[in-house]
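Hi,

Here is the structure I promised to pass on.

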Amino acid sequence: MKKILFIEDESALQKTFRVFIEQEGYKMVSALDGESGFNLAKLEKPDLILLDLILPRLNGFEVLEKLKEDYETKEIPVIILTNLENPDDINKALELGAKTYLVKSNYTLSELVEKVKKALEEER
């Protein structure tokens with residue numbers, strides 16, 4: 001079973017997304033802040049990480065940078081899922097190694113699940 005780590009500080013969004021993603025047969029683990037998310041990535045070795053940018057303790061850019069510098073996590077694909085639409089943020093995330101960048105308000109939860117499925121299929 002593929003495992004997805006969702007690093008997001010909105011617990012309601014985590015819970016709702018968990019229902020959708022687990023219906024598709026994936027396991028989801030989650031963290032509410034950047035530091036816990038990075039530590040959980042090292043512990044759980046997920047197949048994919050969904051990462052918000054606005055997070056307490058470590059922001060999403062800092063988490064992404066640490067993930068890509070660490071030999072245990074650098075190969076894990078990361079999808080940025082945020083409300084920030086600034087082109088500078090998008091470019092920065094992609095330069096740091098994010099697989100793709102999604103703005104939350106542009107997608108339904110079902111569409112996000114499809115993006116996750118597609119990203120996991122591309123990693124095979």
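This is a predicted model: local features need pLDDT of at least 70, side-chain atom pairs count only at pLDDT 80 or more; totals for chains, interfaces and linings use all residues.

Before anything else, the naming: helices (H or I, at least four residues) and strands (E, at least two) are DSSP runs, numbered from the N terminus. Ala 119, for instance, has its place in helix 5.

Residues are numbered from 1 along each chain as its sequence is written, and side-chain values use heavy atoms, with hydrogens and water left out.

Let me stay with Ala 119 for a moment. Is Ala 119 buried or exposed? Its relative accessible area is 4%, so Ala 119 is buried (buried means under 20% relative accessible area, exposed over 50%, partly exposed in between, with a 1.4 Å probe and protein chains only). Leaving aside its neighbours within four places in sequence, Ala 119 is in contact with Leu 48, Ile 79 and Lys 99, where contact means heavy atoms within 4.5 Å. Ala 119 and Gly 34, on the other hand, are 85 residues apart in sequence and 22 Å apart in space, C-alpha to C-alpha.

Helix 5 (residues 109-122) also packs against helix 1 (residues 11-23), at an angle of about 60 degrees and with the axes 10 Å apart. Axes here are lines fitted to C-alpha atoms, for helices over the stretch in contact, and angles run from 0 to 180 degrees between N-to-C directions. Helix 1 brings Leu 13, Thr 16, Phe 17, Phe 20 and Ile 21 to the contact, and helix 5 brings Leu 109, Ser 110, Leu 112, Val 113 and Val 116. Sorted by type, the residues of this contact are 8 nonpolar, 2 polar and no charged (Ala, Val, Leu, Ile, Met, Phe, Trp, Tyr, Cys and Pro count as nonpolar, Asp, Glu, Lys and Arg as charged, and the others, Gly among them, as polar).

Next, strand 1 (residues 3-7): 5 of its 5 residues are buried. Lys 3, Leu 5 and Ile 7 are on one side, Ile 4 and Phe 6 on the other, and both faces are covered. As background, side chains in a regular strand alternate between the two faces of the sheet. What does strand 1 pair with? Strand 2 (residues 27-31) runs parallel to strand 1 and is joined to it by 5 bridges, with Leu 5 opposite Val 29. Strand 3 (residues 48-51) is also parallel to strand 1, joined by 4 bridges, and there Ile 7 stands opposite Leu 51. Most residues other than glycine have a negative phi, and most peptide bonds are trans. Lys 45 is not a glycine, yet has a positive phi of about 50 degrees; Lys 45 sits in the loop between helix 2 (34-44) and strand 3 and is partly exposed at 39% relative accessibility. Arg 57, not a glycine either, has a positive phi of about 70 degrees, and is exposed at 58%. Arg 57 lies in the loop between strand 3 and helix 3 (60-69), and Pro 56 has its place in the loop between strand 3 and helix 3 too. Not counting residues up to four places away in sequence, Pro 56 touches Asp 9, Leu 32, Asp 33 and Gly 34.

Cheers

Note on methods:
Two strands pair if DSSP finds at least two bridges between them.
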